[in-house]
Amino acid sequence: MRGAALLPLALLAACNPPAADDYVARVGVTGRDAPSAPIASPDTKGAVWAPSPGNPQRLVYGKPGERVLFAFECVDGGTGPALTYTRFAAADAHAKAILALVGNGHVARLKIDATRSGAGWLWQGSEPAVSVNFESLTGGRQVEATVPGAGSLILNPSPLPGELILRCRSLAPPAAPASAPATTGAAANSPPPDTTGTAGPPLPPAR
């Protein structure tokens, strides 16, 4: 009887898309009362990066058929393209933390804040796409992403994050050419020098 009861659940899980991007929209993130106990680091064996359906500028990371663990998206930052990163783990309301990215020869620390999602809160941050803090995601090795209280998340190797970073950076407007500094102060208003009586010295007498 128990096996028969579990069979529909197994078939449902097999039909789920890789790392269901609408997980939070469907079930939300459970609220937590501060202070909360740290959670265990999730098992990421078999987790993969995948483009988000309908948004080529967004990547999601997780195990096929299970909830998303991490998301990475290129957005308009107002003054230029920015990359938004989201750790799908319950956060305390209004909390602030640092996301540490370690891997591919780089160590980066990015600001990440608790952001309301439905009835709960999750971790999210954003930084200009040109930031060197994203270099750890451009290599071919795994990256460890750690948020205090939300455990360490191992991001398995994939070329997709690096490709998204390059595409996002390419959206930045070209830098304006540097111009010569304008002359200011008294020098800018002073008249040209008087050259009266400044002819060269007389020629020596002919011999």
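Trainee: Which residues have the most contacts inside the largest nonpolar core?

Mentor: Phe-72, Leu-83, Trp-123 and Leu-155. That core has 34 residues. Strand β6, residues 106-117, gives the most to it, with four residues. Keep in mind that this is a predicted model.

Trainee: What makes a set of residues a nonpolar core?

Mentor: Its members must be buried residues of the nonpolar kinds, joined through side-chain atoms within 4.5 Å. Another core lies apart from the largest one. This other core has five residues, among them Val-68, Ala-71, Phe-88 and Leu-122.

Trainee: How many helices and strands does the protein chain have, and in what order do they run?

Mentor: There are four helices and nine strands. From the N terminus the order is α-α-β-β-β-β-β-β-β-β-β-α-α. Buried residues make up 35% of the 207 residues in the chain.

Trainee: Why is β4 called largely enclosed?

Mentor: Count its residues. In β4, 10 of the 10 residues are buried, so the rest of the structure largely encloses the strand. Both sides take part: Pro-81, Leu-83, Tyr-85, Arg-87 and Ala-89 point one way, Ala-82, Thr-84, Thr-86, Phe-88 and Ala-90 the other way, and all are buried.

Trainee: Which residue takes a positive phi in the hairpin of β3 and β4?

Mentor: Gly-78, with phi near 90°. The hairpin has four residues between its strands.

Trainee: Why are the buried residues of α3 said to line one face of the helix?

Mentor: First, the list for α3, residues 160-169: Pro-161, Gly-162, Leu-164, Ile-165 and Cys-168 are buried. Seen down the axis of α3, the buried residues fall within an arc of 160°, so they line one face. They pack against β1, β2, β3 and β4.

Trainee: Why does Asn-156 count as buried?

Mentor: Its relative accessibility is 19%. Buried means under 20%, so Asn-156 passes. Asn-156 sits in the loop between β9 and α3. Leaving aside neighbours within four places in sequence, Asn-156 is in contact with Thr-44, Gly-46, Ala-47, Trp-49, Tyr-61 and Gln-142.

Trainee: What makes the pair of Asn-156 and Ala-47 a polar contact?

Mentor: The distance cut-off is 3.5 Å. A polar atom of the Asn-156 side chain lies 2.9 Å from the backbone oxygen of Ala-47. That value is within the cut-off.

Note on methods: Residues numbered from 1 in each chain as written. Predicted model: local features only at pLDDT ≥ 70, side-chain atom pairs only at ≥ 80, totals over all residues. Heavy atoms only, no water. Buried < 20%, exposed > 50% of the residue type's maximum accessible area, 1.4 Å probe, protein only. Helix = DSSP H or I, 4+ residues; strand = E, 2+ residues; numbered from the N terminus. Arc of directions from axis to C-beta. Contact = heavy atoms within 4.5 Å. Pairing = 2+ DSSP bridges. Polar contact = N/O pair within 3.5 Å; in protein donor to acceptor, adjacent residues only side chain to side chain.
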